[in-house]
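Thanks for coming. I have one structure to go through today, so please look at it on the screen while I talk.

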Amino acid sequence: MKKRFKITAQEGIHARPAALLVSSAASCRSSMELGFNGKSVSLKSILSVMTLSIPVNSIITISADGDDAAEALEKLAEVILSHGIGEVCES
């Protein structure tokens, strides 16, 4: 399962939002990946997420694979929306 988001935070995904995303992903059983600019990394590793250097207005893809994949994606979407990191893309 996958969801796409547009990053709206002026600083992009820097240390604080990366930590929020990784912390949320770490509590899920599913394997989770963050895709940006043709690269995909584990969303459970803050160092991996930080290496992507995701700026404002970027489109990212979060994918989850496992028995709680739907829940995991909803949880990450809630973190992204509630903390002003980004917004859901409609396709």
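This is a predicted model: local features need pLDDT of at least 70, side-chain atom pairs count only at pLDDT 80 or more; totals for chains, interfaces and linings use all residues.

Residues are numbered from 1 along each chain as its sequence is written, and side-chain values use heavy atoms, leaving out hydrogens and water.

Helices (H or I, at least four residues) and strands (E, at least two) are DSSP runs, numbered from the N terminus. Helix 3 covers residues 69-82 and has 14 residues. Which of its residues are buried, meaning under 20% relative accessible area with a 1.4 Å probe, protein chains only? They are Ala69, Ala72, Leu73, Leu76, Ala77, Val79 and Ile80. After helix 3 comes Gly84, with a positive phi near 70°.

Next, the hairpin. Strand 2 (residues 31-36) and strand 3 (residues 39-42) run antiparallel and are joined by four bridges; strands pair if DSSP finds at least two bridges between them. Phe36 stands opposite Lys39. Two residues lie between the strands, and Asn37 has a positive phi near 55°.

Last, the cysteines. Cys28 is buried at 7% relative accessibility, and Cys89 is buried at 17%. The whole structure has zero disulfides, a disulfide being a pair of cysteine sulfur atoms within 2.5 Å.

Definitions and conventions. Buried means under 20% relative accessible area, exposed over 50%, partly exposed in between (1.4 Å probe, protein chains only). The expected span of a helix is 1.5 Å times one less than its number of residues.
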